[in-house]
Amino acid sequence: MNVRFWGVRGSLPVPGAKTERYGGNTSCVEVRSAAGTRIIVDAGTGIRKLGKDLMHAEFDAGKGSAHLLISHTHWDHIQGLPFFAPLYRKGNRLYVYARQRDDVHLRAVFASQTEDPYFPIPFEEAKADISFRELTDSARFAIADVKVSCTRLNHPYIATAYRLAVDGAAVAYVSDTAPFADILFEHEFIREPPSPGEKLSHGDEEKLRTMRAGLVRLCEGADLVIYDTMFTADDYRRMPHFGHSRPSDAVAVCQEAGAKALVLYHHAPERSDGEVDEIVGQTRATAQKLEVLAAYEGLDIPLGTS
Amino acid sequence: MEVTFWGVRGSIPAPGPGTVRYGGNTSCASIHTPDGSLIVLDLGTGARNLGNSLMATRFGKGGGRATILLSHCHWDHIQGFPFFVPLYVPGNSFTIYGGGRSSALLEGILEGQMAPQYFPVQTLKNMGADIDITTVEEGRPFDVSGCQVTARTNPHGRAGALAFRIEAARKVIVYASDAGYGPEGAPASSIDLYRGADILIHDSTYTLEDRARHPERGFSSLDDAVAAAIAARVKKLVLFHFDQDYVDTDVDALVERGRRLLDDRGGGAIEIAAAAEGLTLTP
């Protein structure tokens with residue numbers, strides 16, 4: 001299989017000279033199996049360029065099909081979809097997967113993004129055949145030759161991590177998530193960091209322990225783990241209630257899971273290319289046998305037989 | 001009065017090596033008025049950098065007041081709103097003017113962007129600053145911190161977009177983003193609004209050829225912008241809202257071609273420039 005990064009940024013796109021090397025587009029990763037199954041994880045602004053690229057082949061003829069796994073529907077993970085060119089070609093098929101919500105149907109979440117007055121082309125006018133599948137927290141299913149498994153993450157309004165296994169290799173996509181300590185994120189807005197010395201309830205602690213164990217299982221023996229490492233240690237001290245991890249959190253999960261390589265991902269909008277370089281260096285120094293790299297737009301990683 | 005550009009792009013931010021000079025952020029400009037107040041024009045992703053820069057001023061301490069004029073609510077004009085940090089500082093106060101049938105509808109549109117399925121803050125009410133949202137009455141001048149502001153609707157796809165004329169100390173800046181005129185060009189009401197402006201910031205999303213390929217999108221070509229500038233006898237035309245696929249050299253070419261068009265069509269006295277992130281102009 002082949003893993004390709006089209007957008008690596010968190011929160012919002014950040015154009016400019018400071019982000020030229022790693023890239024300023026928001027989250028989007030493409031996974032393709034040797035047999036040609038195409039899975040896209042998240043639809044941040046990076047998906048626009050992927051869409052243009054796809055229009056050179058079968059998607060231009062209206063014969064393309066792709067599966068889009070959504071980690072969660074915060075803007076930086078869906079805002080590129082209206083600019084995904086294959087949507088506007090009749091005959092193309094897009095299967096969208098995301099965690100089931102209590103309040104809004106998945107289709108409505110996406111349809112609202114393109115309704116008047118936010119966007120000029122309503123969802124109904126996208127000519128491709130788009131279907132939705134809502135997932136449970138620990139869903140397991142197959143997309144053609146690719147085995148997909150899910151687990152719940154610790155993020156405001158809940159996000160889903162995915163493991164994709166095919167061609168004798170496995171990649172895990174873990175974005176967005178806070179560490180599994182300090183705060184349990186569910187549906188409430190958390191205005192302030194917890195006060196010093198404030199303890200989690202026993203129930204919350206237990207939920208976080210279970211959630212982390214689920215994530216370690218998901219990452220077990222993975223060839224590649226793509227992990228939300230938006231925060232530095234200092235960011236996390238100031239903003240533990242924003243729902244993002246530090247590289248050290250990702251390293252710990254990967255090491256426990258016996259994963260082979262960690263890709264730092266979902267870079268903070270303010271992070272310059274030089275700062276990302278530094279973070280990679282510091283993380284490598286603590287990672288022992290775990291290989292560490294930082295995601296950048298255009299990074300291509302072949303795994304297993306591809 | 002001076003105007004500074006924070007985002008000059010249309011539709012969707014366009015990061016990458018090809019857009020570093022003019023910038024890849026979506027639409028946002030700010031005007032410093034003669035009495036030291038701030039007017040913000042649209043809140044595309046450029047608003048993030050504007051907001052960050054304001055945190056070193058009274059806005060960082062909760063003593064800031066500003067007026068925000070929204071041309072319309074397509075994403076590229078409001079998607080910087082959740083990332084405009086002064087909105088999270090209690091004590092700051094913002095008045096937002098926009099279009100639409102009622103203030104409640106406009107507020108609902110801005111609320112929609114903050115909803116929990118899309119953004120962790122969940123509602124405008126969790127932001128902290130005082131936010132007052134009001135619809136404008138077309139063609140009727142209103143006062144904003146010593147400036148006279150007039151709004152007119154331009155045709156723009158199905159939506160329409162407000163253009164704003166801002167006058168103070170006998171200087172005029174006009175902001176006309178997202179204008180998709182018919183074959184007859186800008187309507188008389190728009191030309192009236194632009195008339196004699198010292199600076200006309202005008203939608204120039206496309207070349208003439210590219211616009212012909214996408215007439216339904218409701219944007220101006222360079223030629224539309226030039227024609228409006230000549231008809232309204234403005235002093236300076238500033239090209240704005242570039243297509244996401246245009247790299248810096250494409251924008252350079254727009255300016256060169258615009259200069260030639262102005263000269264050929266009787267606008268030789270009109271200056272021309274392309275908006276760029278960080279560019280400040282004084283009328």
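**View 1. D178(B) in a loop of chain B.** In this predicted model (local features need pLDDT of at least 70, side-chain atom pairs 80 or more; totals for chains, interfaces and linings use all residues), D178(B) sits in the loop between strand 10 (171-176) and helix 4 (188-194) of chain B. Helices (H or I, at least four residues) and strands (E, at least two) are DSSP runs numbered from the N terminus; residues count from 1 along each chain as written, with chains lettered from A and ligands numbered from 1 in written order. Phi of D178(B) is near 55 degrees, a positive value in a residue that isn't glycine. D178(B) is buried, with 31 C-beta neighbours inside 10 Å (buried is 20 or more, exposed 12 or fewer, partly exposed in between).

**View 2. Q288(A), a positive phi in chain A.** Look in the loop between helix 6 and strand 13 of chain A for Q288(A). Phi of Q288(A) is near 50 degrees, positive although the residue is not glycine. Q288(A) is exposed, with 8 other C-beta atoms within 10 Å.

**View 3. Two cis peptide bonds in chain A.** The bond from D116(A) to P117(A) is cis, with omega near 5 degrees. You'll find P117(A) in the loop between helix 2 (106-113) and strand 6 (129-135) of chain A. The bond from S175(A) to D176(A) is cis too, with omega near -5 degrees, and D176(A) belongs to the loop between strand 10 and helix 3 of chain A.

**View 4. The open sheet of chain A.** Here 7 strands line up in the order 7-8-9-10-11-12-13, with mixed pairing (a pair needs at least two DSSP bridges). Strand 7 (140-143) and strand 13 (291-294) of chain A are the edges, each pairing on one side only. Inside the sheet, strand 10 (residues 169-174) and strand 11 (residues 224-228) of chain A run parallel and are joined by 4 bridges. Zoom in and A172(A) stands opposite V225(A) in strand 11 of chain A.

**View 5. Where chain A meets chain B.** At this interface, 31 residues of chain A are in contact with 31 residues of chain B (contact: backbone-placed C-beta atoms within 7 Å). The chain A side that touches chain B has 16 nonpolar, 10 polar and 5 charged residues (nonpolar: Ala, Val, Leu, Ile, Met, Phe, Trp, Tyr, Cys, Pro; charged: Asp, Glu, Lys, Arg; polar: the others, Gly among them).

Key. Contact = placed C-beta atoms within 7 Å.
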